[in-house]
Amino acid sequence: MPQNELSTIDFEPETQTVKETPSSDKISKNIFSDFDSDSSLEVELKNIKEKENKDIFYYLFISWKVLQTLCFLLFFWIILWYSYIFIQKSDTFSNKNYLTPICSVFNWEIEQSGSWCSSISYNKNLINEQLKTLNKEQSKLIFSLLPLIYENDNFLRTREVSFLLEKSSNKLKVLDILEKFDYFKNDFTWFEKKKLQCSELNIDSRQMILSMKCQAFAWWYTSEIIWFSGNKNSKQDSLNGTSISIANSFINFLEKNATKYFLVVERQKIFESQPVIWKDGYTNQTNFDLKLKINF
């Protein structure tokens, strides 16, 4: 080998793989690490430790917390209950629109217009006032019908009616005829009963004719007399007139409204108005005969 050439010598020793034998400590650690990897076992051990640590003071603490919660809820419920009672007893608690979402709690099934979201006491007073007003109105209507009932009762007890009932072979039919005629007469006169009076009633059982003599009364020039249509509720079809107009109006009223029961026959064409000396507040009188064909 020449002098100028340097030989390279590798002084690093060869690495040899040495197998280490596991010691007993490492073996034991590996065994317990398998147990530690089981999470359910850890949880169970933790629960066992917690149960061991829980003593009587722990349970007293839990009981105290539960009791506190119950007392708070009970106190809150008592406040709500007494507030509810206070509101329901109030006579001035009414029309609280801000309570609309919970109005049913205060009013339940009561729904009064103008008193929504009100207390029971307020609604009770309001309903009582409405009942008083309704009773007064109904009493007025009943009192207004009493004269009509009294007049009908007296009409059926007159001598002429009693005679017809005694002489007729069919009393039920006669009574029915008279009641029907009296109904139309009262419907025509309404409250002013004395402006039209009929007497000397006679029934021809063979010809089925009801005849009578009537008198129509008026105070000078009377207004709102029922005319051609026979509708007493129509103000447009009414006129002003004397007792003659009232007599003709009654005959026309029967022709328009009573055809189911009566037909006017031999209608009188000539009427006269006679002065009277302040009879029941009237100044004029018209006498006329009336014959009706019984149609039922």
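Which residues form one aromatic cluster? Select Y183, F184, Y261, F262 and F296, and you have the five names that make it up.

Before moving on, a word about what is on your screen. This is a predicted model, in which local features need pLDDT of at least 70 and side-chain atom pairs count only at pLDDT 80 or more, while totals for chains, interfaces and linings use all residues. Residues are numbered from 1 along each chain as its sequence is written, and side-chain values use heavy atoms, with hydrogens and water left out.

**Stop 1: ring pairs**

A pair of aromatic rings is described by the distance of the centres and the angle of the planes. Rings of Phe, Tyr and Trp (its six-membered ring) pair if their centres lie within 6.5 Å; planes under 30 degrees apart count as stacked, over 60 as edge-to-face and the rest as tilted. By this rule there are ten aromatic pairs.

Select F188 and F253. Their ring centres are 5.5 Å apart and their planes stand at 55°, so this pair is tilted. Now trace the chain between them: F188 sits in helix α7 (residues 171–189) and F253 in helix α8 (residues 243–257), so the pair links distant parts of the chain, 65 residues apart. Helices here are DSSP runs (H or I, at least four residues), as are strands (E, at least two), numbered from the N terminus.

Y261 is in the loop between α8 and β5 (262–265), F296 is in the segment after β7 (282–294), and 35 residues separate them. F296 is partly exposed, with a relative accessible area of 26%.

**Stop 2: lysines and rings**

Then select K256 and F228: the lysine lies over the face of F228, at 4.1 Å from the ring centre.

Another lysine to pick is K193, in the loop between α7 and β1 (196–204). K193 counts as buried at 12% relative accessibility. What does the side chain of K193 reach at 2.5 Å? It is the backbone oxygen of W190. Show also L148, E151 and N186, which K193 touches when residues up to four places away in sequence are not counted; contact means heavy atoms within 4.5 Å.

**Stop 3: salt bridges**

How many salt bridges does a search of the whole structure find? There are four, each a side-chain nitrogen of Lys or Arg within 4 Å of a carboxyl oxygen of Asp or Glu.

Start with D176 and K180, whose side chains meet at 3.0 Å, N to O. They are four residues apart in helix α7, separated by about one helical turn. D176 is partly exposed at 25%, and K180 is partly exposed at 21%.

Move to K213 and D289, a salt bridge of 3.2 Å, N to O. This one links strand β2 (residues 209–218), which holds K213, to strand β7, which holds D289, across 76 residues. K213 is partly exposed at 38%, and so is D289 at 41%.

Then select E266 and K291, which meet at 3.1 Å, N to O. E266 lies in the loop between β5 and β6 (274–279) and K291 in strand β7, so the pair ties together parts 25 residues apart in sequence. E266 is exposed at 62%, whereas K291 is partly exposed at 33%.

**Stop 4: the disulfide**

The search finds one disulfide, meaning a pair of cysteine sulfur atoms within 2.5 Å. Select C198 and C214, with sulfur atoms 2.2 Å apart. The angle about the S-S bond is 105°, and the link is right-handed. C198 is in strand β1 and C214 in strand β2, so the pair ties together parts 16 residues apart in sequence. Both C198 and C214 are buried.

Finally, select C71, another cysteine: it counts as partly exposed, at 45% relative accessibility.

Conventions: Buried means under 20% relative accessible area, exposed over 50%, partly exposed in between (1.4 Å probe, protein chains only). A charge sits over a ring if NZ of Lys or CZ of Arg is within 6 Å of the ring centre and within 35 degrees of the ring normal. A polar contact is a pair of N or O atoms within 3.5 Å; within protein, one must be able to donate a hydrogen and the other to accept it, and residues adjacent in sequence count only if both atoms are side-chain atoms.
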